[in-house]
Amino acid sequence: MTAARPLHTSPTPSPARQRTAATRTTANPSTTERTARAPKPSRLLKERGILQEAQSHFAQFGFEGASLENIAAAAGLSRHNLLYYFPSKEALYQRVLDDVLNQWLAGMDDLSHSNEPEAALRQYIQAKLRYSREHPDGAKVFTKEVIAGAPRYGKAIAERVGPRLKAEVRTFERWAKEGRIAKVNFTHLMFIIWSVTQAYADQEAQFALLLGKPALTEKDYEKAEALICQLVLSGLGLQTRPST
């Protein structure tokens, strides 16, 4: 009778080999770990420069008319180098719109969480006008996309703006129930605020032309803000300061 052969077992690696393996594992983190790392400041700076130029080109030419070659050249890069940071024109366009929407939504959050209707609305209108003045290209890119029917960004608008708008309307309804403001169609109230503040980005050149100026001044924006606040607040039955 043949004796049973012992089962084959792998030899236990020596302590030196164990240390070498641990070092190798540490030195070569997984793809997931590498992806989770925060981008370097130099990369963020480069991306910001690309996004600034992309915003300008998309605002002027729209998605179809803008080219990666021209955007890259304006940012001091080759098309190939630009694609290292953004893999396609679609990805770059989405990122530009994401940045615009992120700043817009931040203001919506502030309004929804406030308990002071007059102060909250004044702050919101001021922020919307300030964005139109300081970031007209971003506002124009967003407008062009919406006017075209939002073919590339409609889902994001519905998923991200829709819930925030409902939250704002609930805030207005709470204020109305508490007797702080008059009850109106609050959804359309927000549409009106968006439209009139957005106009100071989309039609800034026309407004300046009709005022006989090369561009709107800070004083012009202050006058617009005062009047918009007066109209909105008086429509809600709130005390207002007369515009000048």
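**Aromatic pairs, a nonpolar core and a buried lysine**

A search of the whole structure, which is a predicted model, finds eleven aromatic pairs. One of these joins Tyr-200 and Tyr-221 in a tilted arrangement, with 6.0 Å from centre to centre and 55 degrees between the planes. This pair connects distant parts of the chain: Tyr-200 belongs to helix α10 (residues 186-202) and Tyr-221 to helix α12 (residues 218-235), 21 residues apart. Both Tyr-200 and Tyr-221 are buried. Elsewhere in the aromatic inventory, Trp-104, Phe-142, Phe-191 and Trp-194 are linked into a cluster by ring pairs.

In soluble globular proteins, nonpolar side chains tend to be buried together. Here the largest nonpolar core comprises 61 residues, and Phe-58, Leu-92, Leu-121 and Phe-172 have the most contacts inside it. Helix α6 (residues 89-112) is the element that gives the most to this core, supplying ten residues. For Leu-121, leaving aside residues up to four places away in sequence, the contacts are Leu-111, Phe-172, Ile-193, Val-232, Leu-233, Leu-236 and Leu-238.

Lys-89 is buried yet lacks a salt bridge. The nearest side chain of opposite charge is that of Glu-64, 5.2 Å away, whereas a salt bridge requires a separation within 4 Å.

How values were computed. Residues are numbered from 1 along each chain as its sequence is written. This is a predicted model: local features need pLDDT of at least 70, side-chain atom pairs count only at pLDDT 80 or more; totals for chains, interfaces and linings use all residues. Side-chain values use heavy atoms; hydrogens and water are left out. A nonpolar core is a set of buried Ala, Val, Leu, Ile, Met, Phe, Trp, Tyr and Cys residues joined through side-chain atoms within 4.5 Å. Buried means under 20% relative accessible area, exposed over 50%, partly exposed in between (1.4 Å probe, protein chains only). Helices (H or I, at least four residues) and strands (E, at least two) are DSSP runs, numbered from the N terminus. Contact means heavy atoms within 4.5 Å. Lys and Arg count as positive and Asp and Glu as negative; His and the chain ends are not counted. Rings of Phe, Tyr and Trp (its six-membered ring) pair if their centres lie within 6.5 Å; planes under 30 degrees apart count as stacked, over 60 as edge-to-face and the rest as tilted.
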